[in-house]
Amino acid sequence: MFILPKNVTIIEVGPRDGLQNEKNHVDEKNKLDFIHSLQAAGIQEMELTSFVSPKWVPQMADAKNIVAKTEKIGRQFVLAPNEKGADLAIEAGAESIAVFVGVSNTFNKKNINRTTAESMDALEPVIAKLKRDGLFVRACISTAFYCPYEGKIEREEVSNLCRRFVSIGVDELSVADTIGMANPVESYELFTLLREQFPEVLLTAHFHDTRKMAIANIFSALQAGIDRFDTSAGGLGGCPFAPGATGNVATEDVVHMLDSLGIETGVNVEKICEAVGMIAPLVSHPIVTGMYKMYKNRSC
């Protein structure tokens, strides 16, 4: 008989991962309103923005202002792909930094023009400096199950990359099914392995819902002992460097499932739906997540 956790932490990634690839421009005020409505729903950990080149990710051009103007509630992550991004994030007042590397060499080459090993060599001194300065560091592990270019990724490759991050001193590993191809058995097996190998590090699961398997994968990860999940209000998102990757699993659907299982999140699903209703008219595609559709019919 498996034992599910009594409490789960939801890490909201909508303002960053959800909007980074959005075709419509979402202005600073609307982003801040979205962020603050998510906080009002009980979100205590959130990816706010990323300090990346606006040439490549124009939606994140207002990163400095977003950090400065967001109410300081809980842990707020910003993504920094390199030393320059980390320096800009710190100057803006960020206290929790997320870095990212794909397990797949090809994915990394397409994304940042470096192999996985080259990416880690570049990040190692950046992470070391961040830790010396007392910042929280979150390592995002992309293509942990499948790669759009290389296919299936072996668990040992994921474990080896996680081990290097842990040896550098990261506080958290966010392990992602970047293109939404994992199945529940694979989810259970990988997260069981990682939890056994890295009990001292926060482990977070990040699922995309390409094949509508994300909720099932989350349930399997719960059985493996994972109690932290990245989710995106409205199911917004998708990696611009991963062909075929659709949106993230929807915050409102995940919270609803956890509520039904008696697992505490501290997040109000109806208020999440209100936040989704705020951003829905501003994005380029209709939001059709289960709980949001019910909310629009006033039965959420």
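Predicted model: local features only at pLDDT ≥ 70, side-chain atom pairs only at ≥ 80, totals over all residues.
A cavity is a set of grid points where a 1.4 Å probe fits but cannot get out, whereas a pocket is an open set of such points.

The structure holds two cavities of 30 Å³ or more. In the largest cavity the volume comes to about 60 Å³, and the lining is made up of Ala144, Phe145, Lys152, Ile153, Glu154, Arg155, Val158, Glu186, Glu189 and Leu190. Helices α7 and α8 each give at least two residues to this lining, and α8 contributes the most, with three residues. By class, the lining of the largest cavity has five nonpolar and five charged residues, but no polar ones.

The second largest cavity contains about 40 Å³ of space. Around the second largest cavity stand Glu83, Ala86, Asp87, Ile90, Pro125, Val126, Lys129 and Leu130, with α4 and α6 each supplying at least two residues. This lining, too, can be split by class, into five nonpolar, no polar and three charged residues.

## The largest pocket

The largest pocket has a volume of about 1,100 Å³. Its lining counts 46 residues, and those lying nearest the centre of the pocket are Val52, Leu79, Pro81, Phe100 and Ile112. Several helices and strands take part, among them α1 (14–18), β2 (45–50) and β8 (172–177), each of which supplies at least two residues, while the largest share, six residues, comes from α4. The residues of the pocket lining fall into 24 nonpolar, 12 polar and 10 charged.

## Salt bridges

Side chains of opposite charge can pair when their charged atoms come close. Over the whole structure, 17 salt bridges are found, and three of them are set out below with the distance between nitrogen and oxygen.

| Pair | N to O distance |
|---|---|
| Glutamate 28 and lysine 69 | 2.6 Å |
| Arginine 155 and glutamate 189 | 3.0 Å |
| Glutamate 172 and arginine 228 | 3.1 Å |

Glutamate 28 and lysine 69 form a salt bridge, and because glutamate 28 lies in helix α2 (residues 28–40) and lysine 69 in helix α3, the pair ties together parts that are 41 residues apart in sequence. Lysine 69 is partly exposed, with a relative accessible area of 45%.

Arginine 155 and glutamate 189, both of which also line the largest cavity, form a salt bridge as well. Since arginine 155 belongs to helix α7 (residues 155–168) and glutamate 189 to helix α8 (residues 184–197), this pair ties together parts that are 34 residues apart in sequence. Arginine 155 is partly exposed, at a relative accessible area of 35%, and glutamate 189 is partly exposed too, at 36%.

Glutamate 172 sits in strand β8 and arginine 228 in strand β10 (residues 228–231), and the pair links distant parts of the chain, 56 residues apart. These two residues also belong to a network of salt bridges, in which they are linked with Arg16, Glu45, Glu47, Arg75, Arg138 and Asp230.

## The nonpolar core

The largest nonpolar core has 90 residues, of which Ile141, Val158, Phe165, Leu173, Val175 and Phe191 touch the most other members. Leaving aside residues up to four places away in sequence, leucine 173 touches several residues, including Ala139, Ile141, Cys162, Phe165, Val166 and Phe198. Val158, named here for its contacts in the core, is also one of the residues that line the largest cavity.

Technical notes:
Residues numbered from 1 in each chain as written. Heavy atoms only, no water. 1 Å grid on protein atoms, 1.4 Å probe; cavity = no way out; pocket = protein on both sides within 12 Å on 5 of 7 lines; lining within 4 Å. Points joined across faces, edges and corners; volume = space filled by probe spheres on them. Helix = DSSP H or I, 4+ residues; strand = E, 2+ residues; numbered from the N terminus. Nonpolar A, V, L, I, M, F, W, Y, C, P; charged D, E, K, R; others polar. Salt bridge = Lys/Arg side-chain N within 4 Å of Asp/Glu carboxyl O. Buried < 20%, exposed > 50% of the residue type's maximum accessible area, 1.4 Å probe, protein only. Core = buried A, V, L, I, M, F, W, Y, C linked by side-chain atoms within 4.5 Å. Contact = heavy atoms within 4.5 Å.
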